[in-house]
Each structure stands twice: as structure tokens, then as C-alpha cells.
Amino acid sequence: MVSALAITGNPFTFFFDNLSLFGDKTVAHLELSFVSVLVAIVLAIPLGVWLGHLHRGSFFAITVANIGRALPSLAVISIGIGILGIGFLNTMVALVILAGPVILTNVYVAVDGVDPDAVQAARAMGMSPLTVLWRVELPLALPLIFAGVRTATVYVVATATLATFAGGGGLGDIIVNEPTYGTAGVIAGSLTIAVLAFAIDGVLALVQMRVTPYPLRRQGRRPRTDAVVQSRWETGGRR
Amino acid sequence: MSLAVHPLLAAGGGPVIPTFGRASNCVVQNHQFCASWVSDNWSAVFQPALVQHIVLTLIAVGVGMVISFVAAIFAYRHTWFETPFSMTAAFLYTIPSLALFELLVQVTGINRFTVEVGLVSYTLLILFRNTLTGLRGVPAATIEAARAMGLTERQTLLRIELPLAAPAIMAGLRIATVTTISLATVAAYIGGGGLGALIFNAIQSGFKTEFVAAGALAIILAMVADLLLVLVQRALTPWARRRLAPS
């Protein structure tokens, strides 16, 4: 692969001359990101839904959010290397730790914040608590839940750049390897990651609009959110 | 397992760690975590890095605060300004840190200035939005009352609007600070120094204790900063506590 490398002074020529390199790295990058987000979703959504449904554990959810937000990503990866060694697993675990709180808090706030009138009406119609959860609370909470997944995904795709330091592969490999790829490669790699982050954010924004029930879409705003989540930037933490 | 491998044998396969002839078995064999190494090297390695990290963060958050504050007050008075500033800041915020730092290096070179430019640019969105949201949240009746009492526009801003916006501003400051602490570790890659430098040292040497200690210190620093700012926020805005209390 390296032998086929065409190093030029122009980042754009570099990119188009090495499309297969960028393709491979992008696939590895997205693979790592999506596996991590998926694991975080599997862990965080049921817990958040359960706590939100019972309206319990607001202190827990807020604490997790604050700690999650404060965790420096490279520090988590660094401790991961020390304990788990170099490789895919360590990076994935670190990314799950970073993405989990974002999703958990959003899910909790989403389900907890569903209009109590709607829930009461559903109960009065004779729905069981589980049916209320499935047919009323989750559909109404979906936009905010998805907002959390979107924030977490963009965060993870950005942070997966640091995976290269832990042998996790991805586009970070190009960015930190100036001796091999040259300045043009570093610039091309940086631009690719930036574009990737924007693209993922944009695509997920579209999906988020699709999953929002039509009546909620018209209101323009997401359902009521507490002081915990004032905007998606605040839960986003940083890479 | 507990018996010592000869240092030369251990050094042959494993990472190269300068022992200066007095490294403990733990360090030579590169165990998970050697507490003694951390305490021995606290004043020479960790403390300076920690201080550097704090200084890096304070400068970035300070400069970011001044820029965002001025921009937010301007946008508060001239609504048209919000969208372009907000969009620029959001654009910068979405660029992954390592990529932004590498791109900045092409322009301003590998130095502390580049690091600070990158760090400041990440604080803008949060600080600007929170300050503006805080200012906009001041009840119109309160402002009207202040004006009716004869306060000038400047006095209203300083004595009424800013104090009432303080909780939102402080919330933004908290997020911006922990964010900057996190990003400053990455910035060590382009010569920012601080705790991140120790992490990159460890990546070079493979020394596990340094990975764990530097990482843990960065996390502790972020947590402590977050906690301190909460306390400052409570002290500054005692009236806000009632409102934030869980209903």
C-alpha cells in the first residue's frame, strides 16, 4: 500500500491520488465509531429509559452527565492503553465510556420529560405501564433520544481520530504520520476528518427530522428539556 | 512471575525506560501501575506538567471568555450578528481537534500560540451561546423596571442583565473549562506541553505507569475544575439555587 503511495505537495492531488488509502482508513474509522456507538446505545438506552420511565435517579443521570462531560478523551484512551494495551478493544472501550453518558443523559431527560398529561391520559384509557412506555413515552421521547445518539456519534467519529495513538486505526493514522504521507497527506487527512464529521452530523440531522413525529416537527422545538440538557452542545463534551 | 527478570533481558524486549540504574522491579517489568515511580517523579515530572496544563487552560478560557462576552453583548444589541458568529463558532467546534491543530500548524507553526488559537476557538461556541441565552432570559419586566428607575443602558447591563445572566454564563464557563482541559491534552501533540505531553511520552516509551498516571491526573483535574466552578457559581448566584432545585 505504501509502495503505491503518491506523495505530492498538493493535499487535493494527494487525496485523489490515494483514494484507496483514504477509503480504507475511512472504513476503519467508521467501523470503530459505529461499533462503539452501538455498544454505548445497547448499554445506555435501556438504563436511561428505565430510569426515565420511573422518574427516578435524576441525581444519578445528572452526575453521570457531568462526569461524562468532564472526562478528557485522550486521558481515557491513555488509561485504556495502560490497562488493556494497544488495539481495537482498548479504543472501543474508551469510546464507549465517552459516548455512554451523553446518550444516557439524553434518554433519561427525554423519557422523564414526556408530558405527564399524555401519560395520564394513556393510563386512563387503560394502557398498562409497559404499553404506555412503548406507545406513548418512547414515541414522544424519540427526537431527544435521537439527538443524544447524534451528539454521541459526532463526538465519537471526531474522537476516533485519537484512536491512532492506541493502535485503533482510522483516519488518524494519516494525520499523525507526516514522515510517510508528507505535509500534503497530513492536510488532506485533516480535511477528510473534518468533512467526515460534518457529513455525519448533517446526515444524522436529516434522520433526526425523519424520526420526529410530525406534530412535534411543526413546533420547531424539541420536547421539554430540563436544566440538564440545555442544548446539544452542552452534553456533547469534547473530543 | 514475582521474581525479577534481569533488567537487561527486560529492556531487550520491552519498552526503553531510562532507569538511571535505580529503577524498581515494577518499573523495569512495566507493571500496570507503579505508585512509587509516580511519587518519586511527582515534583520533577507531574507537578510541572499539571501547572503547565492549568496555565494553558486558564489562558484559553480567559481569552475565549473575553471574545465571546463582547460578541454576545454585541449580538444581544444587534440581533443580526448572532447567526454569523454562531455559525462560525459551530463550524470550528465540529472540526475534530487533532485535525484542527494539524491544520493550524500549517499556518502558524508548532508553538504555544498555535495551541492557544485552537483551544480558544473551541470555547467560543459554548461561551457565546450561554452568555447570549442568559442575557435573553432576563425578564423584560425587570429591564423595564430598571429603566423606569432611571438606570442608563450601561447600568442596566452591568447591574441587572449580567447578574441575572450569571448562572447561564457560569454554566457555559464550566463546560468550556472542562472541554479545554480535555483538548489541551491533545494539543500536546503540537507542542502544547502539559499532561498530554506525558501521555505522548508514554506512547513513545510504552511505559504503562505514565499512561495511567497522566490520564488519571487529567481526569482528576477536569473533575476538580468542574466542582470548583460549581461552587463559585453557587457563591455568585445564591438566588439561582432555588430555581435549579429539582421540582
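This passage describes the predicted two-chain model, from its overall make-up to a few single residues.

Residues are numbered from 1 along each chain as its sequence is written, and chains are lettered from A, with ligands numbered from 1, in the order in which they are written. Because the model is predicted, local features need a pLDDT of at least 70 and side-chain atom pairs count only at pLDDT 80 or more, while totals for chains, interfaces and linings use all residues.

The predictor gives the complex an ipTM of 0.78 and a pTM of 0.82. Confidence in each residue is given as pLDDT, from 0 to 100. Chain A averages 82, and 86% of its residues score at least 70. Over residues 220-239 of chain A the pLDDT is below 50. That stretch still has 59 contacts in the model beyond near neighbours in sequence. Two residues are in contact if their C-beta atoms, placed from the backbone, lie within 7 Å. Chain B averages a pLDDT of 84, with 87% of the residues at 70 or above. In chain B, residues 1-13 stay under 50. The model has eight contacts for them beyond four places in sequence.

Chain A has eleven helices and zero strands. Chain B has twelve helices and zero strands. Helices (H or I, at least four residues) and strands (E, at least two) are DSSP runs, numbered from the N terminus. A residue is buried if 20 or more other C-beta atoms lie within 10 Å of its own, exposed if 12 or fewer, and partly exposed in between; C-beta atoms are placed from the backbone. Buried residues make up 49% of the 239 residues in chain A. In chain B they make up 40% of the 247 residues. Of the contacts in chain A with a separation of 6 or more, 78% involve residues 24 or more positions apart. The corresponding share in chain B is 71%, for residues at least 24 apart among contacts at least 6 apart in sequence.

Helix H9 of chain A covers residues 178-211. A straight helix of 34 residues would span 50 Å at 1.5 Å a residue, yet the end C-alpha atoms of H9(A) span only 42 Å. The expected span is 1.5 Å times one less than the number of residues. H9(A) has a kink of about 75 degrees, centred on A:Ala184. The bend at a residue is the angle between axes fitted to the seven residues ending there and the seven starting there. A:Ala184 is also one of the buried residues of H9(A), along with others including A:Tyr181, A:Gly185 and A:Leu196.

Buried residues of H6(B) include B:Ser97, B:Phe101 and B:Glu102. They pack against H8 and H9 of chain A together with H7 and H9 of chain B. H6(B) is followed by B:Gly109, whose phi is positive, near 80 degrees. B:Asn111 lies in the loop between H6 and H7 of chain B. B:Asn111 is exposed, because 12 other C-beta atoms lie within 10 Å.

At the interface, 39 residues of chain B are in contact with 36 residues of chain A. H11(B) gives the largest share of the chain B side, eleven residues. By class, that side has 26 nonpolar, nine polar and four charged residues. Ala, Val, Leu, Ile, Met, Phe, Trp, Tyr, Cys and Pro count as nonpolar, Asp, Glu, Lys and Arg as charged, and the others, Gly among them, as polar.

The largest nonpolar core has 128 residues. Such a core is a set of buried Ala, Val, Leu, Ile, Met, Phe, Trp, Tyr and Cys residues joined through C-beta atoms within 7 Å. A:Ala99, A:Ile103 and B:Ala187 have the most contacts inside this core. H7(A) gives the most to it, with 16 residues. Leaving aside neighbours within four places in sequence, B:Ala187 is in contact with residues including B:Phe101, B:Val115 and B:Gly196.

Note on methods:
pLDDT = per-residue confidence, 0-100.
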